[in-house]
Amino acid sequence: MTKAHIAADPTSRILGWYDRHHRDLPWRISPPMAARGERADPYRVWLSEVMLQQTTVQAVKSYFALFTAKWPTVTDLAEAETEEVMKAWAGLGYYARARNLKKCAETVAFTHGGRFPDTEDGLKQLPGVGDYTAAAIAAIAFDRQAAVLDGNVERVISRLHAIDAPLPGSKGMMRGLVAAMTPARRPGDFAQAMMDLGATICTPKRPACVLCPLNDACVAPVSDDPQRFPVKAAKKEKPVRLGAAFVATDETGAVFLRKRPGHGLLGGMTEIPNTDWTARQDGATGADAAPFAAAWQNCGTVVHVFTHFELRLTVFRSTVSRTAATGPGWWEPEETLDGEALPSVMKKAIKQAMPEAFRPRPRTTEIEKAHTP
DNA sequence: AAGACGTGGTT
DNA sequence: TAACCAAGTCT
């Protein structure tokens with residue numbers, strides 16, 4: 001048996017490619033260290049995987065640095081105030097992840113003695129940990145031979161086999177194909193290698209097939225256009241929703257804020273008063289929909305695109321006496337606005353009404369500097 | 001099982 | 001610029 005013949009095994013080729021071309025990321029252990037038996041901290045693997053759900057590596061980096069500095073262990077996170085966690089997560093999106101992150105930390109810290117379950121099934125019981133994340137943690141942190149299937153791997157596998165069946169229906173079949181490739185030795189490196197391959201070589205547009213370690217095993221480039229895969233079900237049209245938002249300031253520039261309900265869109269996050277727009281309902285768009293009477297000035301409209309609808313928000317501003325504000329809420333000084341649990345759409349609306357808000361503060365810590373989403 | 005659920009970067 | 005996309009999960 002020749003060396004070339006051994007190297008033709010796709011799994012070995014991917015691992016060899018990973019040894020040479022792996023990305024260095026803050027939550028990873030490099031292949032040489034992994035070869036010496038070192039493993040990534042399960043807490044850091046879990047935290048990074050949850051942050052990376054539907055989110056780019058670039059966006060995650062500063063949040064990961066902030067979270068691990070503030071809360072070095074899962075018990076630290078479990079003991080944190082929920083509001084502090086939501087503040088730290090603000091801007092990352094998909095806020096149910098943050099709510100589940102906190103619940104999961106509490107479960108691990110208080111009912112599992114501070115240690116993550118070390119099997120796929122055990123991990124999948126945790127809030128916010130689904131098929132992908134359970135497999136990823138099991139493989140990367142605990143050396144389990146788990147089949148890790150994410151968007152990157154779906155792309156690689158669908159091209160490798162030129163799979164015409166559309167996602168998400170073809171997911172089960174793809175998981176079987178990944179399982180067949182996943183080695184007993186280095187399953188974590190294999191999973192990360194497949195994801196790196198999808199992220200850097202087997203990209204959605206213009207894949208670099210000439211540089212791919214699976215080039216001569218891959219069906220797509222010879223029989224087909226690789227960019228055609230993976231085949232996905234057609235997307236639905238995004239409806240436009242309308243609403244109004246109200247920036248009330250006092251004489252000092254403090255802004256009146258409220259807390260959103262704990263579930264649903266932007267659940268658990270902070271907001272300025274606004275009309276009741278949801279995924280299925282327009283809100284009123286005029287000053288007559290304001291939470292309390294004031295001389296509201298129309299500041300124009302901001303457009304914000306959510307996953308399943310586009311929001312056009314008319315923004316109003318008024319300077320009022322604090323006694324004018326009614327209903328639950330509080331006055332937040334302009335200087336500390338930036339540290340609040342404000343989703344991007346709310347920051348955008350506030351900025352529309354008061355461009356002076358969110359200016360860089362003169363005195364910031366190193367961690368806060370690193371954390372500028 | 002299909003829809004809810006964010007955001008910012010790239011093409 | 002409008003469309004598409006990025007390491008999914010929950011209900």
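Predicted model: local features only at pLDDT ≥ 70, side-chain atom pairs only at ≥ 80, totals over all residues.
Student: What makes up chain A in secondary structure?

Tutor: Chain A has 16 helices and 6 strands. Its C-alpha trace spans about 85 × 45 × 35 Å along the principal axes. Of its 373 residues, 47% are buried.

Student: Why is Leu25 called buried?

Tutor: Its relative accessibility is 11%. Buried means under 20%. Therefore Leu25 counts as buried.

Student: Where does Leu25 sit, and what does Leu25 touch?

Tutor: Leu25 lies in the loop between helix H2 (10–21) and helix H3 (31–35). Leaving out residues up to four places away in sequence, Leu25 touches Val57 and Lys61. Arg312 is 287 residues from Leu25 along the chain, and their C-alpha atoms are separated by 37 Å.

Student: Why does Thr11 count as buried?

Tutor: Set its 10% relative accessibility against the limit of under 20%, and Thr11 therefore counts as buried. Thr11 is found in helix H2. Neighbours within four places in sequence aside, Thr11 is in contact with Met181, Pro183 and Phe190.

Student: Which residues of the largest nonpolar core touch the most other members?

Tutor: They are Trp46, Met51, Phe67, Trp89, Ile272 and Ile350, in a core of 103 residues. Helix H10 (residues 131–142) gives the most to this core, with 9 residues.

Student: How do you know that this core draws on both domain 1 and domain 2?

Tutor: Domain 1 (3–228) and domain 2 (240–370) each supply at least three residues to this core.

Student: What does Ile272 touch?

Tutor: Residues up to four places away in sequence are not counted here. Ile272 then touches Ala245, Phe246, Val247, Val255, Phe256, Leu257, Met346, Ala349 and Ile350. Phe246 is also included in a second, separate core of 12 residues, along with Trp296, Phe316 and Val320.

Student: How do you know that domain 1 and domain 2 are in contact?

Tutor: Contact means heavy atoms within 4.5 Å. By that test, 11 residues of domain 1 are in contact with 18 residues of domain 2. The C-alpha centres of domain 1 and domain 2 lie 35 Å apart.

Student: What share of the contacts in chain A with a separation of 6 or more comes from residues 24 or more positions apart?

Tutor: That share is 67%.

Student: Now the DNA. Which residues are closest to DNA strand B?

Tutor: Tyr95, Lys236, Leu266, Thr307 and Ser344 are the closest of the 21 residues that surround DNA strand B. Strand S4 (297–305) and helix H15 (344–353) are the elements that give two or more residues to this surface. By residue type, the surface near DNA strand B divides into 10 nonpolar, 9 polar and 2 charged.

Student: What makes the pair between Tyr95 and DNA strand B a polar contact?

Tutor: A polar contact needs N or O atoms within 3.5 Å. A polar backbone atom of Tyr95 is 2.7 Å from a phosphate oxygen of DNA strand B. The pair therefore qualifies. Arg280 uses a polar side-chain atom, which lies 3.1 Å from a phosphate oxygen of DNA strand B.

Student: Which atom of DNA strand B lies 3.5 Å from a backbone N or O atom of Leu92?

Tutor: That atom is a base nitrogen. Among the atoms of DNA strand B within 4 Å of the protein, 65% belong to sugar or phosphate, and the rest to bases.

Student: Which residues come nearest to DNA strand C?

Tutor: Gly128, Thr133, Asp150, Asn152 and Pro204 do, out of 25 residues around DNA strand C. Sugar and phosphate account for 65% of the atoms of DNA strand C that come within 4 Å of the protein.

Student: How do you know that Gly128 makes a polar contact with DNA strand C?

Tutor: A polar backbone atom of Gly128 is 2.5 Å from a phosphate oxygen of DNA strand C. The limit is 3.5 Å, so the pair counts. For Tyr132, a polar backbone atom is 3.2 Å from a phosphate oxygen of DNA strand C.

Student: Which helices each supply at least two residues of the surface near DNA strand C?

Tutor: Helix H4 (42–52), H10 and helix H11 (151–160) do. The residues of this surface divide into 9 nonpolar, 9 polar and 7 charged.

Note on methods: Residues numbered from 1 in each chain as written. Chains lettered and ligands numbered in written order. Heavy atoms only, no water. Core = buried A, V, L, I, M, F, W, Y, C linked by side-chain atoms within 4.5 Å. Buried < 20%, exposed > 50% of the residue type's maximum accessible area, 1.4 Å probe, protein only. Helix = DSSP H or I, 4+ residues; strand = E, 2+ residues; numbered from the N terminus. Domains from an automatic or database assignment. Near = heavy atom within 4 Å. Polar contact = N/O pair within 3.5 Å; in protein donor to acceptor, adjacent residues only side chain to side chain. Nonpolar A, V, L, I, M, F, W, Y, C, P; charged D, E, K, R; others polar.
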